[in-house]
Amino acid sequence: MIALVRYLFTVMLLSQRYLAPLLLFVGLLAVLTSSDSGPLAATYGSAAGAMLVCSVWLTMALIGLEDGTHRSVVVVTTGSHLRVLLGSVGTAALWCLPLTVAGLLLPLAFGSHTFTFADAVLGTEAQLTCACTGIAIGVLCSRLLFRRQGHALLLALILLLAALLARGISPVYVLLADLQSASDSADLLGSTAVLLAISAGVLAASVAITQAISLRRS
């Protein structure tokens, strides 16, 4: 699995398809957090929202790098469709890690804040929650299930809006609402950890659904 993730990471790096979502992430952070001096919890909510959008884009780009023939070769080499799918998910998560670090540090450079350990933990939990949700959406909207990219992009937009606006259902909606109203980051560490676990479950369900449908089609 490590060799597979290394291979997929290298292919993504050489393709340079990571540049657009990375620049979008930095641009959103600059716009949303520039000259901000409010609570870091709300600021990290903006960073988490940017992570949601960019993780969807990264995942769809990563899975769409190889056509059916090349992917079949990778499947034969690794011995399992599921292993390749899990490798793609792991690689997308790996790409989200430097974005998480950027999401923690750039708001401190763009605005004026007092940074605490609780802020760092909360910001990390929030961004990973949105990363898991975004990767789940990206997997469901990938080339594995959609041959027409227009249909995939439309579904991705619908799912993104649902994640942001589905009150009481989406862990992202609950997360962003909590972050906007929080005055102390330490008060949200437990509830945000629960939301992170829920989003990881959503990702697992997305992988299972994608695997079942893609196998039936192959």
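This is a predicted model: local features need pLDDT of at least 70, side-chain atom pairs count only at pLDDT 80 or more; totals for chains, interfaces and linings use all residues.

User: What makes H8 roughly antiparallel to H9?

Analyst: The label goes to angles over 145 degrees. The H8 and H9 angle is about 160°, so H8 counts as roughly antiparallel to H9. As for handedness, H8 passes H9 in a left-handed crossing.

User: Which residues in H8 and H9 meet?

Analyst: From H8 you get Pro171, Val174, Leu175 and Asp178, and they meet Ser191, Thr192, Leu195 and Ile198 in H9. Sorted by class, that contact has five nonpolar, two polar and one charged residues. Asp178 is in the H8 part of the contact, and Asp counts as charged.

User: Why are H6 and H7 called roughly antiparallel to each other?

Analyst: The axes of helix H6 (residues 117–140) and helix H7 (residues 149–165) cross at roughly 155° and come within 9 Å. The cut-off is over 145 degrees, so H6 and H7 are roughly antiparallel to each other. Their crossing is right-handed.

User: How do you know what classes of residue the contact of H6 with H7 has?

Analyst: Look at who takes part. Thr133, Ile137 and Leu140 in H6 meet Leu155, Ala156, Leu159, Leu160 and Ala163 in H7. The tally is seven nonpolar, one polar and no charged.

User: And what makes H3 and H5 roughly antiparallel to each other?

Analyst: H3 and helix H5 (residues 81–110) pack at an angle of about 150°, and their axes are 9 Å apart. Once again the angle has to be over 145 degrees, so H3 and H5 are roughly antiparallel to each other. This crossing is right-handed. Among the residues making the contact are Tyr44, Met51, Leu62 and Ile63 of H3, with Ser88, Trp95 and Leu99 of H5. By class, the contact of H3 with H5 has 15 nonpolar, seven polar and no charged residues.

User: How many cavities of 30 Å³ or more does a search of the whole structure find?

Analyst: One. About 50 Å³ of space lies in the largest cavity.

User: Which residues line the largest cavity?

Analyst: The lining is Leu8, Val11, Leu62, Ile63, Leu65, Glu66, Arg71 and Ser88. Helix H1 (2–15) and helix H3 (40–63) are the elements that give two or more residues to that lining.

User: What makes two residues of that lining charged?

Analyst: Glu and Arg both count as charged, and the lining includes Glu66 and Arg71. Overall, the lining divides into five nonpolar, one polar and two charged.

Conventions: Residues are numbered from 1 along each chain as its sequence is written. Side-chain values use heavy atoms; hydrogens and water are left out. Axes are lines fitted to C-alpha atoms, for helices over the stretch in contact, and angles run from 0 to 180 degrees between N-to-C directions. Helices (H or I, at least four residues) and strands (E, at least two) are DSSP runs, numbered from the N terminus. Angles under 35 degrees count as roughly parallel, over 145 as roughly antiparallel, 65 to 115 as roughly perpendicular and the rest as oblique. A crossing is left-handed if the near helix is turned anticlockwise from the far one by less than a right angle, and right-handed if clockwise. Contact means heavy atoms within 4.5 Å. On a 1 Å grid over the protein atoms alone, a cavity is a set of points where a 1.4 Å probe fits but cannot get out, and a pocket is an open set with protein on both sides within 12 Å along at least five of seven lines; lining residues have an atom within 4 Å of a point. Grid points are joined across faces, edges and corners, and a volume is the space filled by probe spheres set on the points.
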